[in-house]
Amino acid sequence: MPFQLGDSVDPERILVVEDDDALRGALAHTLGTICQDVRTASTLAEAFREAAQAHPDIIILDLGLPDGDGTDLVNRLRMVTDVPVIVLSGRDSEDDKVALLDAGADDFITKPCGAAELLARVRGQLRRSAASHAARSWARTNINGVEIDLVSQRVVRNGEQQRLTPTEWALLRALILQGGRPVSPKQLWDMVWAREFGDYSTHVRVHITHLRRKIEPNPQVPSIIITEPGVGYRFNGPQ
Ligand code: CA
């Protein structure tokens with residue numbers, strides 16, 4: 001099922017690894033429009049140190065550096081961090097890309113690239129990493145005494161297993177995969193029902209009510225699926 005994630009999350013810290021001074025400056029300038037703290041490195045040794053110490057949210061990695069190249073760079077970065085790595089590549093051979101993906105790169109940008117594409121790729125990776133982080137940490141969780149297990153599709157409240165319909169599972173999964181960010185009824189409609197037409201606000205509200213009756217310790221006072229007035233709903237996962 002295609003999940004469309006909601007509003008973009010901007011990164012707190014980005015690491016740009018590029019040995020060409022002009023290009024490094026241009027990348028840092030562009031990324032500075034969405035991030036307060038853009039770190040730069042011009043060698044793999046520097047990149048390593050920054051990745052390990054500064055904990056960037058995403059790394060933009062040039063392949064041709066003075067002290068390393070290609071898949072070796074990605075492999076070595078993967079030893080110190082699992083953050084998204086977008087490779088900046090002058091090449092566009094499919095074989096190179098496959099090898100880099102195998103080594104652990106998350107995406108590619110072929111040089112030269114425009115500012116809009118760079119920002120869109122960065123935001124795309126951040127949304128994916130937020131979602132997979134939330135999915136990893138909340139796929140099996142216990143909130144206010146309610147056990148929720150997305151993997152084996154099990155909800156246990158007060159020792160009793162609850163039966164959720166496929167739509168209720170899809171709704172719950174969509175909320176959890178947003179990583180605690182609010183989701184509008186229209187976004188939930190698109191994610192869960194994937195239909196163009198219909199009275200989505202009533203539809204979503206009715207299913208949220210049904211879901212709350214099954215998973216909330218007290219459905220009258222929801223503590224797991226929270227209503228954000230004027231916005232929508234959010235999953236209140238363990239902090
Ligand atoms: Ca280079």
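Helices (H or I, at least four residues) and strands (E, at least two) are DSSP runs, numbered from the N terminus. Residues are numbered from 1 along each chain as its sequence is written, and side-chain values use heavy atoms, with hydrogens and water left out. The model is predicted: local features need pLDDT of at least 70 and side-chain atom pairs count only at pLDDT 80 or more, while totals for chains, interfaces and linings use all residues.

**Figure 1**
Let us start with the overall view. The C-alpha trace spans about 60 × 35 × 35 Å along its principal axes. Of the 239 residues in the chain, 43% are buried (buried is under 20% relative accessible area, exposed over 50%, partly exposed in between, with a 1.4 Å probe and protein chains only). The chain exposes about 12200 Å², and carbon and sulfur atoms supply 48% of this area (Shrake-Rupley method, 1.4 Å probe). Among contacts with a separation of 6 or more, 58% join residues 24 or more positions apart (contact means heavy atoms within 4.5 Å).

**Figure 1. Domain 1 and domain 2 of the chain.**
Domain 1 covers 14-136 and domain 2 covers 139-235, with bounds that come from an automatic or database domain assignment. Their centres, taken over C-alpha atoms, are separated by 35 Å.

D19 sits in the loop between β1 (13-17) and α1 (21-31), and D62 in strand β3 (residues 58-62), so the pair ties together parts 43 residues apart in sequence. D19 is partly exposed at 33% relative accessibility, whereas D62 is buried at 4%.

**Figure 2. Q162 in strand β11.**
Strand β11 (residues 160-162) holds Q162. Is Q162 buried or exposed? With a relative accessible area of 14%, Q162 counts as buried. The side chain of Q162 reaches the backbone oxygen of E160 at 3.2 Å. Leaving aside neighbours within four places in sequence, Q162 is in contact with V155, R157 and K214.

Definitions and conventions. A polar contact is a pair of N or O atoms within 3.5 Å; within protein, one must be able to donate a hydrogen and the other to accept it, and residues adjacent in sequence count only if both atoms are side-chain atoms.
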